[in-house]
Amino acid sequence: MAVLDDIKQLSQVGVGLFRSPGALLRELVLLARSNPENYYEFLGDDVLEAQDQGFELAEKPLWLNLGYWEQARTYPEAGAALARKLAQAARLGPGDVVLDAGFGFGEQDLLWVGEFDVAKIIGVNVTSLHVEVAKKRVEARGLADRIDLRLASATEIPLDDASVDKVVALESAFHFDTREDFFDEARRILKPGGRLATADCVPYLGEHPSGLINWLGWRRWGVPQVNIYDRDEYVRRLEQHGFKDVEVESIRHHVFPGMHRYAEQRNAGVAMHDARVEISEADVQSCLGVEVWAKQGGLTDYVIFSAVKA
Ligand SMILES: C[S@@+](CC[C@H](N)C(=O)[O-])C[C@H]1O[C@@H](n2cnc3c(N)ncnc32)[C@H](O)[C@@H]1O
């Protein structure tokens, strides 16, 4: 039956693919390469697919996460709220030297320097478009001495042992090949007692997504299959890789419904700046929108992890 379901779903996805030769070719390239850089170059300047405006609007915030919608009602507010949530879990504060793995367009780094007064951020990212655009934005704000952004992988961080106070990864660690190699790198570069914090997408507790459709989703987004495990297993692996005092907070009810309501408006033609979402208690309780993720990749939990170098 699972195979039949896969075929049914695949045929529905296929309808969209065959609408234009360009779309089909793009999907084939994404699947063949399975590389985050290819996926993010295709996304362009917007977190939602097919909303790329080619960097025409200088004032457009360039968040690339699903947002934290507990209080936020616009996408820029939700992107910033998620960055704050992670910063609080990481205990970012004045004097901190921070390694940021997967910084997108650098929006979060500008916020962490501005609101949390961290001393220095070194960012690594494998998407050259992100590095180029983010560096320009940092320079334009006169912050190049405090935010140093580099083309490098979170699994091979160009920093000395025991050289940073905090390591953070905002909605990026599911891409790392592998996430456990990143844990090792984070542990290596953290000072004794330093803290790692991630905002990460994982399967819901006890779920083991499998099958062709999920596999295609992972390949398309550049998510290694070895990273597909739930939050309990995540904690075990953090501990195996030399972390202790692990804190775990699932925030899925304040992520998926807001993004769902926001995407509804954008897909109906409302601009990012005009989209204000209404999220009902029922939306939150039912975790509205999570079914989209259940169908493609099975990453239906959204979790903030924080742990100390043992
Ligand atoms: C979903 S985006 C999140 C961007 C940003 N943190 C935000 O919240 O707006 C994931 C980011 O991780 C980066 N990334 C993926 N694999 C990476 C790796 N191995 N090392 C460093 N960055 C990576 C991508 O290029 C992208 O910038």
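Student: Let's start with N125. Is N125 buried or exposed?
Tutor: N125 is buried, because 26 other C-beta atoms lie within 10 Å and 20 or more is what counts as buried. Keep in mind that this is a predicted model.

Student: Where is N125, and what does N125 touch?
Tutor: N125 sits in strand β2. Not counting residues up to four places away in sequence, N125 touches G102, F103, H130, V131 and L151.

Student: How far apart are N125 and D100?
Tutor: They are 25 residues apart in sequence, and their C-alpha atoms are 8.7 Å apart in space.

Student: OK, ligand next. Which residues come nearest to the ligand?
Tutor: There are 24 residues around the ligand, and N65, G102, G104, T127 and S172 come nearest. The elements giving two or more residues to that shell are α3 (36-43), α5 (107-116) and β2 (120-125).

Student: What's the shell like by class?
Tutor: The shell has 11 nonpolar and 11 polar residues, plus two charged ones.

Student: Zooming out, how many helices and strands are there?
Tutor: The protein has 12 helices and seven strands. Its C-alpha trace spans about 50 × 45 × 40 Å along the principal axes.

Student: And what about the radius of gyration?
Tutor: The protein has 19 Å, and a compact globule with 310 residues would come out near 19 Å, so the two agree.

Student: How much of the protein is buried?
Tutor: Of the 310 residues, 43% count as buried. As for contacts between residues at least 6 apart in sequence, 72% join residues at least 24 apart.

Student: What's in the largest nonpolar core?
Tutor: That core has 78 residues, and L86, V98, L99, V167 and V168 have the most contacts inside it. The largest share, nine residues, comes from α4. In soluble globular proteins, nonpolar side chains tend to be buried together.

Student: What is V168 in contact with?
Tutor: Leaving aside neighbours within four places in sequence, V168 is in contact with L86, A90, V98, D100 and A197.

Student: Back to α4, then. How far does α4 reach from its first C-alpha to its last?
Tutor: α4 reaches 23 Å with its 16 residues, close to the 22 Å expected at 1.5 Å a residue.

Student: Which residues of α4 are buried, and what covers them?
Tutor: The buried ones are Y75, A78, G79, A80, L82, A83, K85, L86, A87, A89 and A90. What covers them includes α5, β4, β5, β6, α10 (256-267) and β7. After α4 comes R91, whose phi is positive, near 55°.

Student: Where else is phi positive in a residue other than glycine?
Tutor: F55 has a phi near 60°, and C287 has one of about 55°. F55 is in the loop between α3 and α4 (75-90), whereas C287 is in the loop between α11 (281-286) and α12 (290-295).

Student: Are those two buried or exposed?
Tutor: F55 is partly exposed, with 13 other C-beta atoms within 10 Å. C287 counts as buried because it has 20 C-beta neighbours inside 10 Å, and 20 or more is the cut-off.

Student: New topic: which residues does the cis peptide bond join?
Tutor: The cis peptide bond joins D177 and T178, with omega about 5°. T178 is in the loop between β4 (164-170) and α7 (179-189).

Student: So what about α7 itself, which residues are buried there?
Tutor: In α7, the buried residues are R179, F182, F183, E185, A186, R187 and I189. They pack against β1 (97-101), β4, β5 (190-202), α9 (231-240), β6 (243-250) and β7 (301-309).

Student: And E180, buried or partly exposed?
Tutor: E180 lies in helix α7 and counts as partly exposed, with 15 C-beta neighbours inside 10 Å.

Student: What is E180 in contact with?
Tutor: Setting aside neighbours within four places in sequence, E180 is in contact with R237 and H241. E180 and L238 are 58 residues apart in sequence, with 7.9 Å between their C-alpha atoms.

Definitions and conventions. Residues numbered from 1 in each chain as written. Predicted model: local features only at pLDDT ≥ 70, side-chain atom pairs only at ≥ 80, totals over all residues. Near = placed C-beta within 6 Å. Helix = DSSP H or I, 4+ residues; strand = E, 2+ residues; numbered from the N terminus. Nonpolar A, V, L, I, M, F, W, Y, C, P; charged D, E, K, R; others polar. Buried ≥ 20, exposed ≤ 12 C-beta atoms within 10 Å, placed from the backbone. Contact = placed C-beta atoms within 7 Å. Core = buried A, V, L, I, M, F, W, Y, C linked by C-beta atoms within 7 Å. Rg over C-alpha atoms; globule rule 2.2 N^0.38 Å. Expected span 1.5 Å × (residues − 1).
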